[in-house]
Amino acid sequence: MMLGTSPSLFSRTTYDFVVARDGSGNFRTIQEAVTACRDYAERQCIIFVKNGVYPEKLVIPASKTHITIIGQNVDSTIVTYNDYSGKVDSTGTKFRTSTSFTCHVAGTNIVMENITFVNAAGRVGQAVALHVEGDRCAFRNCKLVGNQDTLYSTGELSRQYYGGCTIEGTTDFIFGAATAVFDKCTIISKVDSYITAASTPAERQYGFVFLHCTLASDSTGRKVYLGRPWRPYAYTAFVDCEMGDHIRPEGWHNWGKPDAEKTARYFEYNSSGPGANPTARVPWSHQLTKEEASLLTVKNILGGNDGWDPEHEH
C-alpha cells in the first residue's frame, strides 16, 4: 500500500529512517539517510523526510537499490542546489550539464514521492534539477523546478515513471535518452522555446510518452514547440493531452537538421485545448489512429522483460 503524507501514518513498522532538519529524526540530511541504506538491497528501504528546505546535492549511486523517499508535503519538502554548466567548483573543475544536478539517481528501483527538486541557479544556461539514469525509477506527486534542462531523463536502458508530477522550465527542460512515461503531469513553459529534446536510441521502441498531461505556460503570449530532436531518432508522443495556446501550430522543430525529419519519431493523439492543431503540425510528425494510441499504455511502454508496472506498485 502507498504510504500517506501525514506524519501520523508513519510508525516504526512503516519506515526505516526519518530525516528532519531540526534534528528530530535519525538524520538531518537526506544524503545521510541514503548512505545508511544497504548497498544492493533486495527490499525497499523507506525514508520519510519531514518538511523543510534541504540544501543538498543529493546522489543516489548505482550501488543503492530499492530505496523509497517520501516527503511530508510536496510544497514544503524541498531539495535545492544551484550548480550549472560552466560553473567552476572549488577544485577549478567546470560543471557540465550532466554534473549540474540537484539530485542524481543512478540506482535501480528508486521511488520518490511528495518532494520538490529545485535548481536555483537561475537563467544561466543548462542547470539540471533532477538527473535520472537508473532503471525502474518512479516519481509520484513531485515537482521539478528549473529553467534550461530541468529534467535529464537519460540512461539508454532506463525506464522511468512520473505520475501526477509538475515539471517547469524554459528550454529543452525534459531531455535525454530514457524511456519515460509522464502520466497526468502538468508541464509548464516559462519562455518561448522547446519542451522536449529526446535523444532516444534508434533501437529503443519508445522514448518520452505523455499520457493525459496538461501543457501550460507561466504567462500569456508564449510560443512553444512540443520538441526538437537532440539525436536523430528522438521519440516523443503526446496522447490525450490538453495543450494551452502557447503551443505553436506546427508543433515540432527540426533543430536545423533536415535529415532528422526522416528519422525523428513524433506522435500525437487526441490533443485538446487551444494548442491542439493536428492539421497544422509539421508533415513529418504523425497523428496516431485510435488503435495505435491504444498500445501506448504504461504497462506496454515500461513493462520490459520483467513486467514492471509502476502504476500499481506502491
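Are Asp172 and Arg228 buried or exposed? Both Asp172 and Arg228 are buried, where buried means under 20% relative accessible area, exposed over 50%, and partly exposed in between, with a 1.4 Å probe and protein chains only.

Good morning, colleagues. This is a predicted model, in which local features need pLDDT of at least 70 and side-chain atom pairs count only at pLDDT 80 or more, while totals for chains, interfaces and linings use all residues. Residues are numbered from 1 along each chain as its sequence is written, and side-chain values use heavy atoms, with hydrogens and water left out.

I begin with the sheets. Strands (E, at least two residues) and helices (H or I, at least four) are DSSP runs, numbered from the N terminus. Two strands are said to pair if DSSP finds at least two bridges between them.

Opposite Phe208 stands Thr236 in E23.

A further open sheet has 8 strands, again with parallel pairing, in the order E3-E6-E9-E12-E15-E18-E21-E24. Its edge strands are E3 (52-54) and E24 (242-243), each of which pairs on one side only. Strand E6 (residues 77-81) runs parallel to strand E9 (residues 116-119), and 4 bridges join them. Tyr81 has Asn119 as its bridge partner in E9.

I turn now to the charged side chains. A salt bridge here is a side-chain nitrogen of Lys or Arg within 4 Å of a carboxyl oxygen of Asp or Glu. The search of the whole structure finds 17 salt bridges.

The opening pair is one of them: the side chains of Asp172 and Arg228 meet at 2.8 Å, N to O. This pair links distant parts of the chain, 56 residues apart, with Asp172 in the loop between strand E15 (166-169) and strand E16 (174-176), and Arg228 in the loop between strand E22 (225-227) and strand E23 (235-239).

Asp83 is buried, with a relative accessible area of 3%, whereas Lys87 is partly exposed at 21%. Arg248 and Glu250 meet in a salt bridge of 3.8 Å, N to O. Arg248 is partly exposed at 25% relative accessibility, and Glu250 is partly exposed with a relative accessible area of 25%. Finally, a network of salt bridges links Asp135, Arg136, Arg159 and Asp306.

Next, the aromatic residues. Rings of Phe, Tyr and Trp (its six-membered ring) pair if their centres lie within 6.5 Å; planes under 30 degrees apart count as stacked, over 60 as edge-to-face and the rest as tilted. There are 15 aromatic pairs in the whole structure. Tyr235 and Phe267 form a tilted pair, 5.2 Å centre to centre, with 50 degrees between the planes. That pair joins distant parts of the chain, 32 residues apart, namely Tyr235 in strand E23 and Phe267 in strand E25 (residues 265-269). Both Tyr235 and Phe267 are buried.

Phe238 and Trp252 form a tilted pair at 5.9 Å centre to centre, with 50 degrees between the planes. Phe238 lies in strand E23 and Trp252 in the loop between E24 and E25, so the pair ties together parts that are 14 residues apart in sequence. Phe238 and Trp252 are buried, and ring pairs place them in a cluster whose members include Phe139, Tyr162, Phe182 and Phe208.

I close with the nonpolar core, defined as a set of buried Ala, Val, Leu, Ile, Met, Phe, Trp, Tyr and Cys residues joined through side-chain atoms within 4.5 Å. The largest has 55 residues, and those with the most contacts inside it are Met112, Tyr162 and Phe182. Thank you.
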